[in-house]
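Biologist: Could you walk me through this model before I plan my reading of it?
Modeller: Gladly, here it is.

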Amino acid sequence: MKWNRKAGKALLVAMLAGLLTFLVTGCGEECKVTIQDMNETTEVTANTRQTVKEVLEEAEITLGEQDETDPGLDEKVSNDMEIVVKRYASVTVVGADGTEYPVECVGGTVADAVKEAGVTLEEGQVVDTDEKEYLTDGMTITVVQQPAVSLTADGEKNAVYTGAKTVEEFLAEQGITLGENDRITPEKSEAITDGMKIVVQRVEIKEETVTEEISYSTETQSSSSLAAGTTQVKQSGSNGSKEVTYKVTYVDGKEESREAVNETVTKDPVNEIIVQGTKQPSSSSGGSSGGSSGGSSGGKTVVSTEYYEDCDGSGHGIKVITYSDGSMEEVPY
């Protein structure tokens with residue numbers, strides 16, 4: 001057979017082209033692939049000639065008969081591809097009334113199962129598992145009714161459904177912080193019960209200083225120089241003043257109590273002095289002879305003289321003279 005150079009050259013070009021194609025596509029390219037298997041994330045290095053199934057096998061991820069993947073098992077992988085493994089799960093959803101609903105899901109969450117079961121959560125109802133959690137085969141999901149609690153705090157009263165176990169957990173759940181002097185009823189350690197009333201009282205303690213009046217007192221003195229039954233103001237009274245510091249307790253903005261903790265007198269009071277007369281009228285004997293109005297007539301002498309000034313500041317008053325025979329005389333001056 002005679003060699004055809006032209007045909008041989010064409011064959012050689014075709015063989016070289018085939019070899020180049022094999023080198024480029026047959027060997028494939030290295031790529032990064034992320035595998036998301038429920039809550040587990042795995043990052044692997046693969047080759048673009050590999051399928052999803054081969055990558056999962058190399059990563060030692062086993063699939064059940066009813067499990068699925070996205071993309072499908074026969075699809076070739078590419079750089080930055082994410083392979084999602086969807087696990088089959090047969091679960092039971094238990095309603096608040098105790099009714100059981102069997103559900104089958106592939107790659108679903110708790111929320112998906114509740115929806116698939118046709119269960120609608122009423123006010124205050126929750127499931128006993130995180131709704132975002134992936135389903136696992138044989139799982140039981142139960143709908144529970146939370147207790148209703150009456151909460152009074154910061155000027156508001158609300159009905160609240162809660163999953164808290166204690167009053168302390170409830171306060172944390174509601175974002176309520178207690179101050180040093182604040183009050184909580186019932187105690188923080190109390191277990192939550194349906195219909196419980198929880199009251200938070202904000203308590204503020206302040207010190208307040210005020211000026212107060214000190215009332216004057218009235219002092220009574222007796223005087224034998226004044227006739228019985230008569231009185232005279234010897235000294236006028238005037239009130240004093242003091243500064244008193246109180247510890248005042250406010251509950252929800254209203255004063256509950258106050259206690260004096262310090263007191264300073266800034267002005268003393270002046271007592272009022274009242275003079276009461278005790279002098280009895282003397283009996284006169286008829287036929288007195290030789291009576292004299294003079295200070296020393298008839299052997300009568302002055303024993304004492306007392307002055308009582310008027311309170312009007314005029315400088316006038318009454319001079320009371322006592323004589324040796326016991327008699328008294330009031331003389332204005």
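**Strand pairing and cores**

Modeller: In strand E18, Ile273 is the bridge partner of Glu219, where strands are DSSP runs of E with at least two residues and helices are runs of H or I with at least four, numbered from the N terminus. This is a predicted model, in which local features need pLDDT of at least 70 and side-chain atom pairs count only at pLDDT 80 or more, while totals for chains, interfaces and linings use all residues. Residues are numbered from 1 along each chain as its sequence is written, and side-chain values use heavy atoms, with hydrogens and water left out.

Biologist: How many bridges join E14 to E18?
Modeller: Seven, with strand E14 (residues 218-227) running parallel to strand E18 (residues 272-279); two strands pair if DSSP finds at least two bridges between them.

Biologist: And in which sense do E15 and E18 pair?
Modeller: Strand E15 (residues 231-235) pairs with E18 in the antiparallel sense over four bridges, and Thr231 stands opposite Gln276 there.

Biologist: Changing topic, which residues have the most contacts inside the largest nonpolar core?
Modeller: Val93, Leu135 and Ile141, in a core of 15 residues; a core is a set of buried (under 20% relative accessible area, 1.4 Å probe, protein chains only) Ala, Val, Leu, Ile, Met, Phe, Trp, Tyr and Cys residues joined through side-chain atoms within 4.5 Å.

Biologist: Which elements give two or more residues to this core?
Modeller: Strand E5 (88-94), strand E6 (100-106), helix H3 (110-116) and strand E8 (140-145). Apart from this core lies another, of 14 residues, among them Ala153 and Ile198.

Notes:
Buried < 20%, exposed > 50% of the residue type's maximum accessible area, 1.4 Å probe, protein only.
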